Amino acid sequence: MIVQALIDQGVDTVFGYPGGAVLPIYDEVFQQNAIRHILVRHEQGAVHAAEGYARSTGKPGVVIVTSGPGATNAVTGLTDALMDSIPIIVLTGQVPTFMIGSDAFQEADTVGITRPCTKHNWLVKETDALSGVLHEAFHVATQGRPGPVLVDIPKDVQFATGTYMPPKPSVSHYQPKVKGDMEEITELVAAMEKAKKPVFYTGGGVINSGPAASQLLRELVKATGFPITSTLMGLGSYPASGQNWLGMLGMHGLYQANMAMHDCDLLINIGARFDDRITGRIDAFSPKSTKAHIDIDPSSINKVIKTDIPIVGDVGHVLEDILKVWKSRGRKTNSEAVAKWWQQIEEWKAIDCLKFTQTGKVIKPQHALVRLEELTRKHDRYICTEVGQHQMWAAQYLGFEDPNRWMTSGGLGTMGYGFPASIGVQMAHPDALVINVAGEASWLMNMQEMGTAVQYRLPVKQFILNNERLGMVRQWQELLHGERYSQSWSEALPDFVKLAEAFGAKGIICSDPDDLDDAIMEMITHDGPVIFDCLVEKHENCFPMIPSGKAHNEMLLGEAQTQGVIDSKGSVLV
Amino acid sequence: MSALKIKKGATSHSAYNLRPTFSDVEERHTLAVLVENEPGVLARVIGLFSGRGYNIDSLTVAEVDHTGHLSRITIVTSGTPQVIEQIKAQLGRIVTVHDVHDLTVEGASVERELAMFKVSGTGDKRVEALRLADIFRARVVDSTLESFIFEITGAPDKIDAFADLMRPLGLSDVARTGVAALSRGE
């Protein structure tokens, strides 16, 4: 019944790990061919792989794990998916209903544990209710602001026979509002017509809304000529090669993007949530602007930043209406003022905040990414990352032309996300070039998934920028904690080439800038999983940077400015 | 829904109500939350309050519509207007929450609470307690030679006032239900 429900929901791939409490489901999985099951090596990997699958396809990712430890291991992935609004359906086994509460073997209060880290969850106690709950789970996970859901199924419910109900066009009371309010939309259009210094600030909501939303965004940007910046989560919704692109904003965002946010008079937030990595100091955030906020989740509005023009609705629907209204009112903008605004932006751009010099015989991590970009950008390419400096450099130096091409753990910042995510992406796009830009410390957190990559012959490329440090931790210790590098040194690292070979994969090591291009080409052309150990400068810091507790216009651009910049108040922030 | 005396369309589905004028003054609000009556729904609501650091001054919950499978949770909470707006929006996000009403801002409403007070004492104090109970229209629901249990219903301040009067007269135990509230009129 469970497998039938998955098939009826259009599922073709599930990620999972069997165990005592899900044996009946796995028995069903064994007896069919419609759904492919990917055996991971750790349940956390299953959820991240499903996230990678979901982000790169726009379809929900599905996970099956057992009770107790299977469920608790999935918690990090669930929280990650909740923070980044990724639709995931996790099916967990549970001890039989008559044993619940008896501290049975591998029993855990799964719905209790996962209540705060799922959008919704269910414990199904009757087999007849099972198919309805499963269909509802898909509905809740994908409608409105997407998110992870969990269905806990006791083993006796799995064994029993019940009536299967096919999915019905929604009977659910959960029907989030997708159309924006026309009065508010008109107010926004009026503000756009008058704005002298407008900026679009876009986020993951554009990508979650589907490819059509990205198309509409591009149309709107082109038609108005306004500059656009994006959060980490929204990269790719507007092309990096686009004329109006300012680059990413935020703590490690680009100078021109953050300065534009600070000085603008109209800030149009499309599907982003004023995260603290974006706003910096709240009371100094974009002080002169009228703020519009488009979000499908009413709780995002006014949560952090007071909004002047709130629009609750799906980004795609709202953008369509904005374009309609704007066109019907005569396609007006204050083009003279906007041209002047662009002159200012060009001055900021001229500072070239990502500038670095590759000299000597040590590879700069930025250089490694510039070369990676150059050699892979023409490929059908998907990029995942782990979390840390390499993640920020990847966001800065790689260009994303399309949505759903960039998978990174933004909200939760989960080290160990990228590798399993790359497996999920490669499952969904078998012929694409899938690269996980990693740091050696993050990568080791879920390295057991090498077994999965080799087993399913998934040619995922693990591009490890190895500085033998927890680079971002080291950077903060340098800037904030008097250069006392407490526990941020990765001692006793494995030989990554031998590690790859031990799993039956290919390992490449590169330490010389002159060899880099050839080594990257070798990685790309190898038909199979590769661990690329790129030994980089060990003490490189990630700039530009807005220090904690500072405003957008107080950005640091490079090494020279970093002495004593974060005051004691800022140092308590994370 | 009309049977439950709740007006349609309050916080979660209209953009208009999302424009509060912020101030830093803490306000007390009474929220009526209509939820699906299913296991765990109260835990979701309470978990939201504890997880996000909101206050609960009082909370009552009971099934109000058996056929519709609905329960009504009445929460009295306090916070700045921005926090109150967030609480309502966050409650509205919970999948099993059907509706959130802020009775404090949605026109006039009636708030009632039931309480039981055990007052122990003899002689004049005992007589005085009985006399005051009469003034407050509290009923005696249990009596021994040394104690009374009074049952009283009313707005929370009336119950507070009664408690203040009973304290010097030998108040030994209190049980309060928390606030139940409905909006007035249609």
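Helices, here DSSP runs of H or I with at least four residues, and strands, runs of E with at least two, are numbered from the N terminus. The model is predicted. Under this assignment chain B holds 4 helices and 9 strands. From the N terminus on, the order of its elements is β-α-β-β-α-β-β-α-β-β-α-β-β. Chain B has 186 residues, of which 44% count as buried. Among contacts in chain B with a separation of 6 or more, 74% come from residues 24 or more positions apart.

One backbone feature of chain B concerns R137(B). Its phi is near 55°, a positive value in a residue other than glycine. R137(B) sits in the loop between helix 3 (124-135) and strand 6 (139-143) of chain B. The residue is exposed, and its relative accessible area is 74%.

Chain A and chain B form an interface. Contacts link 25 residues of chain A with 22 residues of chain B. The two chains bury about 2,100 Å² between them, and 52% of this area is on carbon and sulfur atoms. R115(A), H120(A) and H173(A) supply 27% of the area that chain A buries against chain B, more than any other three residues.

In a salt bridge, the side chain of D297(A) meets that of R93(B), at 3.0 Å from N to O. Polar contact is found for 7 residue pairs across the interface of chain A and chain B, with both residues at pLDDT 80 or more. Three elements of chain A, strand 5 (120-123), helix 9 (182-194) and strand 12 (309-312), each supply at least two residues of the side that touches chain B. By class, this side of chain A has 12 charged, 8 nonpolar and 5 polar residues.

Within chain A, an open sheet of 6 strands was identified. The strand order is 14-13-15-16-18-17, with parallel pairing. Strand 14 (406-407) and strand 17 (506-510) of chain A stand at the edges; each has a single partner strand, so one side of each is left without a neighbour in the sheet. Strand 13 (residues 381-385) and strand 15 (residues 433-439) of chain A run parallel and are joined by 5 bridges. In one bridge, Y382(A) is paired with V434(A) of strand 15.

Helix 21 (residues 471-480) of chain A is mostly covered, with 8 of its 10 residues buried. The buried residues are G471(A), M472(A), R474(A), Q475(A), W476(A), Q477(A), L479(A) and L480(A). Just after helix 21 of chain A, G482(A) adopts a positive phi of about 60°.

Two further backbone features lie in loops of chain A. Most residues other than glycine have a negative phi, and most peptide bonds are trans. N404(A) is not a glycine, yet its phi is positive, at about 65°. The loop that holds N404(A) runs between helix 17 (389-397) and strand 14 of chain A. N404(A) is buried because its relative accessible area, 16%, falls under the 20% cut-off. P544(A) is placed in the loop between strand 18 (530-535) and helix 24 (568-571) of chain A.

Notes. Residues are numbered from 1 along each chain as its sequence is written. Chains are lettered from A and ligands numbered from 1 in the order in which they are written. This is a predicted model: local features need pLDDT of at least 70, side-chain atom pairs count only at pLDDT 80 or more; totals for chains, interfaces and linings use all residues. Side-chain values use heavy atoms; hydrogens and water are left out. Contact means heavy atoms within 4.5 Å. Buried area is the accessible area (1.4 Å probe) that two parts lose on being put together, summed over both. A salt bridge is a side-chain nitrogen of Lys or Arg within 4 Å of a carboxyl oxygen of Asp or Glu. A polar contact is a pair of N or O atoms within 3.5 Å; within protein, one must be able to donate a hydrogen and the other to accept it, and residues adjacent in sequence count only if both atoms are side-chain atoms. Ala, Val, Leu, Ile, Met, Phe, Trp, Tyr, Cys and Pro count as nonpolar, Asp, Glu, Lys and Arg as charged, and the others, Gly among them, as polar. Buried means under 20% relative accessible area, exposed over 50%, partly exposed in between (1.4 Å probe, protein chains only). Two strands pair if DSSP finds at least two bridges between them.
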